[in-house]
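Please open the model in a viewer and keep the selection panel at hand.

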Amino acid sequence: QAQLVESGGGSVQAGGSLRLSCAASGYTYKYNNLYMGWFRQAPGKEREGVAVINTVTDFTDYADSVKGRFTISSHNAKSTVYLNLNSLKPEDTAIYYCASDLTPGRSWKEPTNFRLWGQGTQVTASS
């Protein structure tokens, strides 16, 4: 059974850093899931795209709100995608989700275009 499992969330002071991991299992990681994305959802807000990576070409893209602070990367041998969160702000507080299996030709920023989701991990940055 295909699944994604996130880890690495936690609570830090504003300006701090965290590293999230998303481990994929149960399917051919590299070729069936070309694009892997990270999303976040704060209380009362819609789920928003944070970053995406093409696991073959290493192409990446980011939401404007996190550019220069967050970095997405992948380790294909480990079937794992990472999200490094630096210079965290209180507004970064949310549940962070990993997603895979993007519908070809569709925008990565739209959550409904991804088929497989992890359970989420909480990130809290306090001022």
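Strands, as named in this tour, are DSSP runs of E with at least two residues, numbered from the N terminus. By this convention Thr124 belongs to strand β11, which covers residues 121-126. The model is a predicted one.

**Stop 1: Thr124 and Ala94**

Begin by selecting Thr124 together with Ala94. The two are 30 residues apart in sequence, yet their C-alpha atoms are separated by 6.6 Å in space. Thr124 has a relative accessibility of 25% and therefore counts as partly exposed.

**Stop 2: the disulfide**

Next, select Cys22 and Cys98 and display the sulfur atoms. The structure holds 1 disulfide, and this bond joins Cys22 to Cys98 with an S to S distance of 2.0 Å. Which parts of the chain does the pair link? Cys22 lies in strand β3 (residues 18-25) and Cys98 in strand β9 (residues 94-102), distant parts of the chain that place the two cysteines 76 residues apart.

**Stop 3: two aspartates with positive phi**

Stay on strand β9 and select Asp101, which is located in that strand. Most residues other than glycine have a negative phi. Asp101, although not a glycine, has a positive phi of about 65°. With a relative accessibility of 22%, Asp101 counts as partly exposed; the cut-off for buried is under 20%.

Where is Asp58 placed? Asp58 sits in the loop between β5 (48-54) and β6 (60-62). Its relative accessibility is 49%, so Asp58 counts as partly exposed, given that exposed requires over 50%.

**Stop 4: the salt bridges**

Clear the selection and turn to the charged side chains. How many salt bridges does the structure hold? The structure holds 5 salt bridges.

Select Asp92 and Arg40 for one of them: their closest N and O atoms are 2.9 Å apart. Asp92 is in the loop between β8 (80-85) and β9, while Arg40 is in strand β4 (residues 35-41), so the pair ties together parts that are 52 residues apart in sequence. Asp92 and Arg40 are both buried.

The side chains of Arg69 and Asp92 meet in a salt bridge, with an N to O distance of 2.7 Å. This pair, too, links distant parts of the chain: Arg69 is in the loop between β6 and β7 (70-75), Asp92 is in the loop between β8 and β9, and the two are 23 residues apart. Arg69 is buried, as is Asp92.

Lys67, at 47% relative accessibility, counts as partly exposed, whereas Asp64, at 63%, counts as exposed.

**Stop 5: the largest pocket**

The largest pocket has a volume of about 190 Å³. Of the 14 residues lining this pocket, those closest to its centre are Arg40, Ala42, Lys45, Glu48 and Glu91. What is the make-up of the lining of the largest pocket? The lining divides into 8 charged, 3 polar and 3 nonpolar residues.

**Stop 6: the aromatic cluster**

Finally, select Phe39, Tyr97, Phe114 and Trp117, which form one aromatic cluster. A search of the whole structure finds 4 aromatic pairs. One of them consists of Phe114 and Trp117: the pair is edge-to-face, with 6.3 Å centre to centre and 70° between the planes. Phe114 is buried, its relative accessible area being 5%, while Trp117 counts as partly exposed at 23% relative accessibility.

How values were computed
Residues numbered from 1 in each chain as written. Predicted model: local features only at pLDDT ≥ 70, side-chain atom pairs only at ≥ 80, totals over all residues. Heavy atoms only, no water. Disulfide = S-S within 2.5 Å. Helix = DSSP H or I, 4+ residues; strand = E, 2+ residues; numbered from the N terminus. Buried < 20%, exposed > 50% of the residue type's maximum accessible area, 1.4 Å probe, protein only. Salt bridge = Lys/Arg side-chain N within 4 Å of Asp/Glu carboxyl O. 1 Å grid on protein atoms, 1.4 Å probe; cavity = no way out; pocket = protein on both sides within 12 Å on 5 of 7 lines; lining within 4 Å. Points joined across faces, edges and corners; volume = space filled by probe spheres on them. Nonpolar A, V, L, I, M, F, W, Y, C, P; charged D, E, K, R; others polar. Phe/Tyr/Trp six-rings, centres within 6.5 Å; stacked < 30°, edge-to-face > 60°.
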